[in-house]
Amino acid sequence: LALQVLTKGLVVGDFKTFKEDVIAAFDSVRKDGSGEITTYIPGLSTYDTNKWSVSFCSVDGQVVALGDYKDTFTLQSVTKPILYGIMCDAVGTDTVHRYVGKEPSGFGFNKIVLGYGDVPHNPLINIGAITVASLVLPDESISDRFEFCYSKYKDLACNMSPGGISFNNVVYLSEKHNGHRNYAIGHYLLNKGCIDASSTGRLMEILELYFQLCSIEVDTRTVAAMGATLANGGKNVFTGEEVLSKNTVQNMLSLMYSCGMYDYSGEWSFEIGLPAKSGVSGVIMVILPNLGSLAMWSPPLDHYGNSVRGLGFTRNLLSRFKNDTA
Ligand code: DON
């Protein structure tokens, strides 16, 4: 399927048939309640394990929204490729990559470890994303920094996306008061000279921005709309506005392909073959280049931190295409 997608061989021109496949795959995993909900961020531990939603948004703006699509959740690590893309366009890809690498780490997402050259392995793990957050408007106020990023998130999703986008203060405060691992990562980065922060106060501001961007609240329609903008080379599928440059989107998708699914990324690329990013709230955003984006949300996670229903759904959907085109 990946090859077909990349060569535009998979044509979702017949939207009705595709929608039927998405619905069937959605139903196939509905009853699978296995997996564990995130507890290390208390604000995420209250989700109902039965929640399950999938949305698809095509590059020509057609939307399918299934299940609990009106329920909202936080972006968590799906924020990381977006922050990376925003900063590549803002300060240049080469500058960003002076601070962060392009390699899968082979470790869990919150491991306190650096890669070759004493920089974080990639921008899609905590240590890499916190480093990228340190590059956001260092001379401006914390409110300007958040607004600079948040406005781009809104442009990516477009407020025409019915779900919209907002901010979850409960999750933000929960991360801020319980994110000891991320504080440890921040101090390690400071100690190793990986971020330009001359004081602990500045480090705290960087971490705050990171926590805030993880706490952006969305539903699957919004995530699918954001993903569709990426599938569309950075142009918002509803407004036509270029939100991110094409080169930057290519780099984002490359890293999502190799590093987007925690330390299950290699298996995912082998099996599914599409750029994706998951988050500990139970969200997965999958990009089908030139076609659209699938967004899934179901809180129970597997051992790696990926949504169990989300993975099952994706496998099931792809098996339908493999059968169709065999
Ligand atoms: O910093 C954290 O641990 C969470 N805000 C995000 C973790 C997550 O979704 C996994 N990351 N790759």
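Student: In the hairpin of strand 7 and strand 8, which residue takes a positive phi?
Tutor: Asparagine 290 does, with a phi near 70°, in a hairpin that has 3 residues between its strands. Strands here are DSSP runs of E with at least two residues, helices are runs of H or I with at least four, and both are numbered from the N terminus. Residues are numbered from 1 along each chain as its sequence is written. Please keep in mind that this is a predicted model, where local features need a pLDDT of at least 70, side-chain atom pairs count only at pLDDT 80 or more, and totals for chains, interfaces and linings use all residues.

Student: How many bridges join strand 7 to strand 8?
Tutor: There are 6, and the two strands run antiparallel; two strands count as paired if DSSP finds at least two bridges between them. Within this pairing, methionine 285 has alanine 295 of strand 8 as its bridge partner.

Student: And on the strand 6 side, how many bridges to strand 7?
Tutor: Strand 6 (residues 276–279) is joined to strand 7 (residues 283–288) by 4 bridges, again antiparallel. Alanine 276 is partnered with valine 286, and glycine 279 with valine 283. The hairpin of these two strands has 3 residues between them, and there glycine 282 takes a positive phi near 105°.

Student: Is strand 7 mostly covered or mostly open?
Tutor: Mostly covered, as 6 of its 6 residues are buried, where buried means that 20 or more other C-beta atoms lie within 10 Å of the residue's own, exposed means 12 or fewer, partly exposed is in between, and C-beta atoms are placed from the backbone. Val283, Met285 and Ile287 point one way, whereas Ile284, Val286 and Leu288 point the other way. In a regular strand the side chains alternate between the two faces of the sheet.

Student: Switching topic, why does proline 300 count as buried?
Tutor: Proline 300 counts as buried because it has 21 C-beta neighbours inside 10 Å. Proline 300 sits in the loop between strand 8 (292–297) and helix 13 (308–325). Leaving aside neighbours within four places in sequence, its contacts (C-beta atoms, placed from the backbone, within 7 Å) include Gly33, Thr49 and Gly282.

Student: Which residues have the most contacts inside the largest nonpolar core?
Tutor: Leu83, Tyr210 and Val283 do, in a core of 97 residues; such a core is a set of buried Ala, Val, Leu, Ile, Met, Phe, Trp, Tyr and Cys residues joined through C-beta atoms within 7 Å. Beyond its neighbours within four places in sequence, tyrosine 210 touches Ala129, Ile130, Ala133 and Asn182 by the contact rule. Ala129, Ile130 and Ala133 are among the buried residues of helix 5, a helix spanning residues 126–133 with 8 of its 8 residues buried. Those buried residues pack against helix 3 (79–91), helix 4 (93–99), helix 8 (180–191) and helix 9 (200–214).

Student: Last one: how far can I trust it, and over which residues is the pLDDT below 50?
Tutor: pLDDT is the predictor's confidence in each residue, from 0 to 100, and the protein chain averages 92, with 93% of the residues scoring at least 70. The stretch below 50 is residues 1–9, which has 17 contacts in the model beyond near neighbours in sequence. For the complex, the predictor gives an ipTM of 0.96 and a pTM of 0.94.

How values were computed
Contact = placed C-beta atoms within 7 Å.
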